[in-house]
Amino acid sequence: QVQLIESGGGLVQAGGSLRLSCEASERTFNSYGMGWFRQAPGKEREFVTAVSWNGGNTLYADSVQGRFTVSRDNAKNAVYLQMNSLNPEDTAVYFCAARKRGYYSASRYAREYDYWGQGTQVTVSS
């Protein structure tokens, strides 16, 4: 079973930054597209960003475009989410996810992902 573990969440004031990491306990990123999603209390899970295995294709939700940056290091089985200019609306549990068929393409649809991490809490205070 593929295991994805997120880390780097925490409490930050509005305007601050956080860097989230997602890593696998073993090599599981072979040809996998990766995505980040988030879920706030009482709301549905929403797409944040995604990146293809080769890193050549990225997608961002309109709400984070220009503030968040996704990157990956396949040799380390890791994907990262740099979050800048955070605001209270970014408060949520952030999940990383892996998609089997993602060498070239990235996807914004949760239904297309096969594996999910446990999530890491991000809280932005005003």
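Predicted model: local features only at pLDDT ≥ 70, side-chain atom pairs only at ≥ 80, totals over all residues.
I started at cysteine 96, which counts as buried because its relative accessibility is 0% (buried is under 20% relative accessible area, exposed over 50%, partly exposed in between, with a 1.4 Å probe and protein chains only). Cysteine 22 counts as buried too, also at 0%.

Residues are numbered from 1 along each chain as its sequence is written, and side-chain values use heavy atoms, with hydrogens and water left out.

Next I looked for disulfides (pairs of cysteine sulfur atoms within 2.5 Å). My search of the whole structure turned up 1. It joins cysteine 22 to cysteine 96, S to S 2.0 Å. I looked up its hand as well: the link is right-handed, with 55° about the S-S bond. The two cysteines sit in distant parts of the chain, 74 residues apart, with cysteine 22 in strand 3 and cysteine 96 in strand 9 (residues 92-99). Strands here are DSSP runs of E, at least two residues, numbered from the N terminus.

I found an open sheet of 4 strands in the order 1-3-8-7, with antiparallel pairing (two strands pair if DSSP finds at least two bridges between them). Strand 1 (4-7) and strand 7 (68-73) are the edges, each pairing on one side only.

Last, I checked strand 3 (residues 18-24) against strand 8 (residues 78-83): they run antiparallel, joined by 6 bridges. Serine 21 stands opposite tyrosine 80 of strand 8.
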